[in-house]
Structures are given as C-alpha cells and as structure tokens.
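Good morning, and thank you for joining. I shall present one structure today, beginning with a pair of helices and then turning to the core and a few individual residues.

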Amino acid sequence: MTATHTSVPVDKRPGPAATPTPASRRPVVPGRIWRTTGFHVTAGALSAVWLLPIVLVLVTSTRTFDDIAAHGVGSWPHSFSLDGFRQAWVDGGQQQALINSMLVTIPTVLLSLGLASLAAFALSRYDLPFRRSLLLLMLGGNLLPPQILLIPVSKLSEVLGIYDQLYALIGVQVGFGVGFYVFVLHGFMRAIPGEIQQAAVIDGAGPWQIYRRIILPLARPALAALSALSFTWIFNDLLWAITVIRTDTRMPITASLIGLQGQYVSMWNVIAAGSVIAAAPTVAVFLRFQRHFVAGLNLGAVK
C-alpha cells in the first residue's frame, strides 16, 4: 500500500511586525536621569549668574537718572530712556574714543596676523637654522608680565618721539602680540601635509605662491579664530593705552570709560550706556566670526 502525503499551503504574506517585549527595551537607569537633571540645573544656574551682570548693565543703561536715584540701581525699572546713550556718545566723548579704538585695533590686527602668518609659514615649512630657539624665544616673550615693561616702553616711546600718538600704541600692540600669533599659526601650518607643498613645487609654484594660494586658504580657520581673539584683546586693552597715550581726545574707548566715570560720578545710566557702547564692537565681531572661531578651536583640538 502506498501512503499519500497531502501538502498544506503555506501563507507567505507578510504579517504584522513583532512588537518588542518590555524585556527587550533599554532599561531606564534612575541614576542617569538624576545626573542629567543635575547637570542641566547646574549649567542653567551658572549661566544665569554669568548673564545677571550683563542684564543689569543693559537695564540700567535704559533707565533715567531720576528713576535710579529714587529706587536704586538694583530695583525694578520704572522708566525707559535712551538719553544715557546720547550723553555718553556726545557729551562723554565716546564717539571719538570709539573711532580711536578702531584706528588702533583694525591696523594692529591686520599687521600682526600678516607678519605672524609670514613668520609661521617660514618656520613651519622650511628647515631654517635655530628654528626651535626662535619659537621658544617668541613664546618666552609672551610669558613676561607686561607690568615690568611699562616704564621701559614709556621711556622708549618718549626717546623715539612717538609718545602720545596712536601709531605708537599700534607698534606696542604689534610687538607684544606677534610672538603668540606665530606660535599658534606655526602649529596649524606644520600640520598641513607636505605632499601639498611638494605638488605645488613640481607645478612651478614659488614660496610666495605657495604661501598665498595654498597655506593661507588652508589656515583660514586659525586666522579667523585669531582675528576674533586679537580684536577682542586689543580693543579691550587698557594697560598699554594709558601707558602710551595721555591726551583725552586720543584715548581709546576703554581708557575713555575711566574719564566717563569721573565725569558722571553718580549717573549710573550714562556709565552703563558707555559700557554697552564699548562692548558692542567686540560682541559683533565674535558673532560674525563665531563659525570660524569654533572651527579653529576644533581644528586645534584634533591636530
């Protein structure tokens, strides 16, 4: 007798996706939630503490003198006025002081980074004698406290006949900033692969073409980051400004704030308005170069 096998049709249609069981899900760790919550609370509190003085200055600059005199500086504002900005800008001399700061800061940044990029290119891409000693000398010059050099710089500017001039302040800022910029740019340019320069040499490019068409574009993040930093440092400098400059009409804006505080002793709205005017250019530069600044920091962290 022959056995007969009957085939059962199999349904091959896709069925519903399997629902993961609770055991397959990632368990929630209570400690991780508390750590995350604690981090955000702590970061928020530190940010609030950091921003509180800035908010206080902004609010004070938009209040009237009568409001501050009646209720106090730290009270809730009962008025809104921009008269403090007008007094600081016109009567307090902040307009001319801001022009002086720009006349010093912009040429100093351009000249410092231009000289530093040339020196860093030569020290990083060519085998020069005493290269390491030059770098250490530039770095060591930045480790000296500037307070011990105030009298020599002041006397030297008097001997050279450039005392109380804006270009004297430009020379001082360039002289004390180039060493640090060379040291930073040297690290960026040294990390550029040498094959790129060798290919350019084979194509007939000279040192100037290699510097201008290859090295500078590749070092743009570092130059942008240093531009933002140097602009902030030079624009906010007070020590060298009061060392080299004496005339009130030639003072940069940071030194002019001291005179503004002496002129408007108890008018906190005018003093706060002057502080806001002095801080506005550096904030604008940072916001403009923020993307390049972060890229330069990341590049430096990797290399």
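A crossing of two helices is called left-handed if the near helix is turned anticlockwise from the far one by less than a right angle, and right-handed if clockwise. Helices here (H or I, at least four residues) are DSSP runs, numbered from the N terminus. Please note that this is a predicted model, in which local features need pLDDT of at least 70 and side-chain atom pairs count only at pLDDT 80 or more, while totals for chains, interfaces and linings use all residues. Residues are numbered from 1 along each chain as its sequence is written, and side-chain values use heavy atoms, with hydrogens and water left out.

With that convention, H3 passes H13 in a right-handed crossing. On the H3 side, the contact (heavy atoms within 4.5 Å) is made by Gly84, Phe85, Gln87, Ala88 and Trp89, and on the H13 side by Asn269, Val270, Ala273, Gly274, Val276 and Ile277. Sorted by class, this contact of H3 with H13 has seven nonpolar, four polar and no charged residues. In that sorting, Ala, Val, Leu, Ile, Met, Phe, Trp, Tyr, Cys and Pro count as nonpolar, Asp, Glu, Lys and Arg as charged, and the others, Gly among them, as polar.

I turn now to the core. A nonpolar core is a set of buried Ala, Val, Leu, Ile, Met, Phe, Trp, Tyr and Cys residues joined through side-chain atoms within 4.5 Å; buried means under 20% relative accessible area, exposed over 50%, and partly exposed in between, with a 1.4 Å probe and protein chains only. Which residues touch the most other members of the largest nonpolar core? They are Leu185, Ile215 and Ile253, out of 53 residues. Helix H7 gives the most to this core, with twelve residues. Leaving aside neighbours within four places in sequence, Ile215 is in contact with Phe121, Arg125, Met189, Ile192 and Ile210.

Next, some backbone geometry. Most residues other than glycine have a negative phi. Phe130, however, has a positive phi of about 60°, and its place is in the loop between H4 and helix H5 (131-143). Asp164 also has a positive phi, of about 65°, and lies in the loop between H6 and H7. Is each of these two buried or exposed? Phe130 is exposed, with a relative accessible area of 65%, whereas Asp164 counts as buried at 12%.

Finally, Gly177 is in helix H7 and is buried, with a relative accessible area of 8%.

Conventions
Helices (H or I, at least four residues) and strands (E, at least two) are DSSP runs, numbered from the N terminus.
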